[in-house]
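Please set out, for a reader who works with computed coordinates, how the parts of this model pack together.

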Amino acid sequence: MRRLTEIHKVQELVFKLKTPDAKASEVVILSPNTMMSEVRSILKRNKIAAAPIVADKKVLGIISVNDYINWLIAGKEDCCVEKCMSLNVKFLYDDEPLTDAIKSFERYGFYEFPIINRKTGNFTGIITRRDVIMGLLRALEIDYHEIEISSYSGRTFFHDMAADHTELMLKFSVEGKNIQHGGDIASKLKKNLHYLGLHPDTIRKTVIATYEAEMNLIIYGGGGTVEVLMDADVIHIEVKDEGPGIPDIQKVLQPGYSTAPDWVRELGFGAGMGFTNMQNCSDTLDIISKVGKGTTVKIRISLDPEKSIK
Amino acid sequence: MASLEQPILLKDIQKILSADVILDEGWRREKIRRVYCSDLMSDILSFGDSSSLLITGLINPQTIRTAEMVDIAAICFVHGKIPHEDTIEMARNNEIVLLSTRYSMYEACGRLYCAKMSKSVDLP
């Protein structure tokens, strides 16, 4: 679907562009009294295959490499270009869309066309095949630039910031006992990490660890804060509460150990796998806890999956 | 947890489980490679992935949140349970398919096992 819209956009662009949008920026014209002996060096110097002969803003004719060769073969004496030029000149008008110009290139097989104003008939420029291609590319480039700005994904956020070191801090606060909103923070964090274009494995580990820690805050900690600090290499998650604290940290790290009340178990939590999951998802897990004061859980996850331990 | 020898379409799983579709988020396109059966959220967190079906008896919002965390594509509730409208909405926001079967968890798993599954996978 997206591809289709992009094609339409390109088509639209071709129709929208007018011949003058793509015309050559530098125009080589000859005056009627330019000598035939000069033509070769002019065409060669400017890397063109033909040049119009213009006087009083009107195109009198066109002289091409072909005309020059014919003049050489005929062995005639040097003369003004006026006498050797092609008179049957095909023009493009300056209000024609670029598509018409493309059709004319196909139909006549010429390499370039003079452009004239439809009303006055005055010469306004030249367009070559190369100019058509370059004009389209220029327009596309502008267009893509606009798309790029409008759909900035944050994927290169850390590299885009002009600083010696860039850090991003996301802070959340969690209400205690409000299990209905359990996981809201991990869910928000997941969307943010997607926005930043992190590796799916890193996102997965980060949200699982955060989710488990968030549920602990709600169930045991009586609420608290979740802070996620990241830079281009690592994510630090710090989960803090001022709850009852953990009397024996070694015990809570044992798979299956749980002090969960029934209401928690009924919801599918409290099976004693929370810290085990956090451990499995992190490079390092530190628990600092004081009974009666609270608990701080620090989780470190490497951003590059290659650097990650797990 | 079990892996399927051949991935199967969700619509075939729906037939095998005679399940009602609570929420259809383009589910006919979904291919299921693994089936998990658990009522424990932490278990689900350590197994799930984007081409898996979760069979569970829990219909609270945390089931959806947990599935969201590990990109589970579809959930089938057993015993004909249907979650609250808010919970369904949460699944819709996360493009998770919801099915409901009248079978018990044991029977749902048994039927799927007989129909399509081959090798069991050891728990991590």
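## Two helices of chain A

Helix α9 (residues 200–221) of chain A and helix α12 (residues 274–281) of chain A have axes that come within 9 Å and cross at roughly 155°, where axes are lines fitted to C-alpha atoms, for helices over the stretch in contact, and angles run from 0 to 180 degrees between N-to-C directions. That angle makes α9(A) roughly antiparallel to α12(A), a term for angles over 145 degrees, whereas those under 35 count as roughly parallel, 65 to 115 as roughly perpendicular and the rest as oblique. The crossing of α9(A) and α12(A) is left-handed, in the sense that the near helix is turned anticlockwise from the far one by less than a right angle.

On the side of α9(A), the residues that meet α12(A) include A:Lys205, A:Ile208, A:Ala209 and A:Glu212, while α12(A) contributes A:Gly274, A:Asn277, A:Met278 and A:Cys281; contact here requires C-beta atoms, placed from the backbone, within 7 Å. By class, this contact has six nonpolar, three polar and two charged residues, with Ala, Val, Leu, Ile, Met, Phe, Trp, Tyr, Cys and Pro counted as nonpolar, Asp, Glu, Lys and Arg as charged, and the others, Gly among them, as polar.

## Basis of the model

This is a predicted model, in which local features need pLDDT of at least 70 and side-chain atom pairs count only at pLDDT 80 or more, while totals for chains, interfaces and linings use all residues. Residues are numbered from 1 along each chain as its sequence is written, and chains are lettered from A and ligands numbered from 1 in the order in which they are written. Helices (H or I, at least four residues) and strands (E, at least two) are DSSP runs, numbered from the N terminus.

## Strand pairing in chain A

Strand β6 (residues 168–175) of chain A pairs with strand β7 (residues 223–230) of chain A in the antiparallel sense over eight bridges, pairing being assigned if DSSP finds at least two bridges between the strands. Within this pair, A:Ser173 has A:Thr225 of β7(A) as its bridge partner.

β7(A) also pairs in the antiparallel sense with strand β8 (residues 234–241) of chain A, over seven bridges, and a hairpin of three residues joins β7(A) to β8(A). A:Leu229 stands opposite A:His236 in β8(A).

## Where the chains meet

The contact between the chains takes 19 residues from chain A and 16 residues from chain B. On the chain B side, α2 (41–47) and α3 (61–69) each supply at least two residues, and α3(B) gives the most, with six residues.

## A buried loop residue

A:Leu267 lies in the loop between α11 (262–265) and α12 of chain A, and counts as buried because it has 20 C-beta neighbours inside 10 Å. Leaving aside neighbours within four places in sequence, A:Leu267 is in contact with A:Ile179, B:Asn60 and B:Gln62. The C-alpha atoms of A:Leu267 and A:Ile179, 88 residues apart along the chain, are separated by 9.2 Å.

Notes
Two residues are in contact if their C-beta atoms, placed from the backbone, lie within 7 Å. A residue is buried if 20 or more other C-beta atoms lie within 10 Å of its own, exposed if 12 or fewer, and partly exposed in between; C-beta atoms are placed from the backbone.
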